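Colleague: I would like to learn how to read a few features of a structure. Could we start with burial?

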Amino acid sequence: ASQAEMEAASSNTVAATPGRTQNHPGVAKVWCQVTQNGSLASPDYGVASITDTATGNRTIVFTTDFSSIVYSAQGIVCGLSTASHGVEYPAAAGFAVGSIQFDVINHETDALVDEVSCNAVFGDQ
């Protein structure tokens, strides 16, 4: 399948090669796990670097920029070191074509916390 065919995601007659799979809209372009201390856990995909900006605040820098800031970013707290429940959200002004900023929040206290997080980003690059 060509890049255009993968992006259209409508053909049932062409084969997708490994080199073109990332062009399908339903495939994560970036995914990673960030450790409690804000560093990148291996393996990852599409991540150039992680910046631990402050307590509970991390910026994921992409290896390939997105075509615009219209993309979907998800994050979850996937390992809690405390008994509290955590949530993770893209920061309000954190969307850029080359990076995304996430806030990791203790759901019970609404405080930013350093916890293990898992992230995925979908969109057009």
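Modeller: Buried means under 20% relative accessible area, exposed means over 50%, and partly exposed lies in between (1.4 Å probe, protein chains only). Asn23 has 14% relative accessibility, so Asn23 counts as buried. This is a predicted model: local features need pLDDT of at least 70, side-chain atom pairs count only at pLDDT 80 or more, and totals for chains, interfaces and linings use all residues. Residues are numbered from 1 along each chain as its sequence is written, and side-chain values use heavy atoms, with hydrogens and water left out.

Colleague: Where does Asn23 sit, and which residues is Asn23 in contact with, leaving aside neighbours within four places in sequence?

Modeller: Helices (H or I, at least four residues) and strands (E, at least two) are DSSP runs, numbered from the N terminus. Asn23 lies in the loop between α1 (3–8) and β1 (30–34). Contact means heavy atoms within 4.5 Å. With those neighbours left aside, Asn23 is in contact with Gln3, Met6 and Glu7.

Colleague: How many aromatic pairs does the structure hold?

Modeller: Rings of Phe, Tyr and Trp (its six-membered ring) pair if their centres lie within 6.5 Å; planes under 30 degrees apart count as stacked, over 60 as edge-to-face and the rest as tilted. The structure holds four such pairs. One of them is Phe62 with Phe66, edge-to-face at 5.0 Å centre to centre and 75° between the planes. Phe62 is buried because its relative accessibility is 4%, and Phe66 is buried at 3%. Phe62, Phe66, Tyr71 and Phe95 form one aromatic cluster.
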